[in-house]
Amino acid sequence: MDKEHQSVQKMWRAYLDAINDDKFNREYEAWHFCNDEESANHLAELVKSGVKIATSSLHYWYSMEDEEIPQIGDLSIITNWDGEAQCIIETVNVNIVPFKEVPEAFAYKEGEGDRSLNYWRKVHNQFFEEELKEVKRAFSEDMLVVCEEFRVVYGGVK
């Protein structure tokens, strides 16, 4: 695993100070969106501006990588492509549904493109297909998607 950018811990300490909490050992994850620099940086900006308040991922990866599904109350530090802290989010809702049943309201909350369900399906279908090629697995619209909603708790536009 790559070394965490110093801005991540600096933002975390500032957040804990802002909420009068000295529990630096509270858990958080630091991560960026997507698998390319332009998209990762753009989506971080959408989160900071309050446009993007949701994200999705294939449930398949959680089981394959033995990771926990996001839970309400989880905190994450969103970074840019280079790992520099951009803001802190808190998970406020999680639903797991088949890809073909992701609702239009959720696509809008993802904040990407024209915010339509058609756009969401097109880009996520492509993204999930690319991801699954690495493990020689085919994408299906019946595959489960983890639909996570969040709010910015530190570092975004108020």
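**Close-up views of a predicted model**

**View 1. Meet Glu149 and its neighbours.** Leaving aside residues up to four places away in sequence, Glu149 touches Ile53, Ala54, Glu90, Thr91, Val92, Asn93, Phe106 and Lys109; contact here means heavy atoms within 4.5 Å. This is a predicted model, where local features need pLDDT of at least 70, side-chain atom pairs count only at pLDDT 80 or more, and totals for chains, interfaces and linings use all residues. Residues are numbered from 1 along each chain as its sequence is written, and side-chain values use heavy atoms, with hydrogens and water left out. Glu149 sits in strand β5 (residues 144–154); strands (E, at least two residues) and helices (H or I, at least four) are DSSP runs, numbered from the N terminus. Why does Glu149 count as buried? Because its relative accessibility is 15%, and buried means under 20% relative accessible area (exposed is over 50%, partly exposed in between; 1.4 Å probe, protein chains only).

**View 2. Here's the largest nonpolar core.** A nonpolar core is a set of buried Ala, Val, Leu, Ile, Met, Phe, Trp, Tyr and Cys residues joined through side-chain atoms within 4.5 Å. The largest one has 17 residues, and Leu58, Val102, Trp120, Leu132, Phe139 and Val145 touch the most other members. At least two residues each come from β2 (54–58), α3 (59–64), α4 (104–110), α5 (117–133) and β5. Which of these gives the most to this core? It's α5, with 4 residues. Apart from this core lies another, of 11 residues, including Met11, Tyr28, Ala85 and Ile88.

**View 3. Now for the aromatic rings.** Phe99, Trp120, Phe127, Phe128 and Phe139 form one aromatic cluster. Rings of Phe, Tyr and Trp (its six-membered ring) pair if their centres lie within 6.5 Å; planes under 30 degrees apart count as stacked, over 60 as edge-to-face and the rest as tilted. Searching the whole structure turns up 10 aromatic pairs.

View 4. You'll find Asn80 in the loop between β3 (75–79) and β4 (85–98). Is Asn80 buried or exposed? Buried, because its relative accessible area is 11%. Its side chain makes a polar contact with the side chain of Glu84 (2.8 Å), and also reaches the backbone nitrogen of Asp82 at 3.0 Å. A polar contact is a pair of N or O atoms within 3.5 Å; within protein, one must be able to donate a hydrogen and the other to accept it, and residues adjacent in sequence count only if both atoms are side-chain atoms.
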